[in-house]
Amino acid sequence: MDRKELEGYILDTYGIEPDYPWKDQPDYAVFRHPANCKWFALIMRIPVDRIGRKGSDLIDVVNLKCETVLIGSLLAGSGIYPAYHMNKDHWITAALDGSAGDERIGMLLDLSFSLTAPKRKS
């Protein structure tokens, strides 16, 4: 899944458009819950060495909130990395270059959306 496909998936699934909060990073897109404004996805274009790959090419990535118990096993697979510039205990970074797999990114996005949703009152 690439950046445009992910943005389309978010719009089609959740009806949410990106927010661009940083003037100095115009291609950093934040996706927030409408009810509580919490982030559930952050798409960025960063140098590949920031996620531990060799080189200086730029890559699109998405940060997603994740269950702590899943992070270790996810990091063992391809295309998933410790969170770039966020809490590594609760967030992961997925490469948007096809290496993480479309189904996996979709599942992780749905999980992130769920984890950041407003809590239900009992």
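Which residues of the largest nonpolar core touch the most other members? Hello everyone, let's start there, and please keep in mind that this is a predicted model. The core has 24 residues, and those touching the most other members are Leu6, Ile10, Phe31, Phe40, Ala41, Val62 and Ile92. Two or more residues each come from α1 (3-14), β1 (29-32), β2 (39-47), β3 (58-65), α2 (68-75), β5 (91-95) and α3. Helix α3 gives the largest share of this core, with 5 residues. As a bit of background, nonpolar side chains in soluble globular proteins tend to be buried together.

Now to the charges. A search through the whole structure turns up 6 salt bridges, and I'd like to walk you through some of them.

Let's take aspartate 60 and arginine 3. Their side chains meet in a salt bridge at 3.5 Å, N to O. Aspartate 60 sits in strand β3 and arginine 3 in helix α1, so this pair ties together parts that lie 57 residues apart in sequence. And are these two buried or exposed? Both aspartate 60 and arginine 3 are buried.

Next come arginine 32 and aspartate 19, whose side chains form a salt bridge at 2.9 Å, N to O. Here the pair links distant parts of the chain, 13 residues apart: arginine 32 is in strand β1, and aspartate 19 is in the loop between α1 and β1. Arginine 32 is partly exposed, with a relative accessible area of 26%, and aspartate 19 is partly exposed too, at 29%.

Then we have arginine 53 with aspartate 97, a salt bridge at 2.9 Å, N to O. Arginine 53 belongs to the loop between β2 and β3, and aspartate 97 to the loop between β5 and α3, so the pair ties together parts 44 residues apart in sequence. Arginine 53 is partly exposed, with a relative accessible area of 25%; for aspartate 97, also partly exposed, the value is 40%.

Which residues do salt bridges with shared partners join into one network? They are Arg3, Lys4, Glu7, Arg45 and Asp60, so we meet our buried pair, Asp60 and Arg3, once again.

Let's finish on the surface. Asp2, Glu5, Asp102 and Glu103 gather there in a patch of negative charge. Glutamate 103 is exposed, with a relative accessible area of 74%.

Note on methods. Residues numbered from 1 in each chain as written. Predicted model: local features only at pLDDT ≥ 70, side-chain atom pairs only at ≥ 80, totals over all residues. Heavy atoms only, no water. Patch = residues over 30% accessible without salt bridge, like charges linked within 9 Å, V, L, I, M, F, W, Y side chains within 5 Å. Areas by Shrake-Rupley, 256 points an atom, 1.4 Å probe, with all protein chains shown as cover. Salt bridge = Lys/Arg side-chain N within 4 Å of Asp/Glu carboxyl O. Lys, Arg positive; Asp, Glu negative; His and termini not counted. Charge placed at Lys NZ, Arg CZ, Asp CG, Glu CD. Buried < 20%, exposed > 50% of the residue type's maximum accessible area, 1.4 Å probe, protein only. Core = buried A, V, L, I, M, F, W, Y, C linked by side-chain atoms within 4.5 Å. Helix = DSSP H or I, 4+ residues; strand = E, 2+ residues; numbered from the N terminus.
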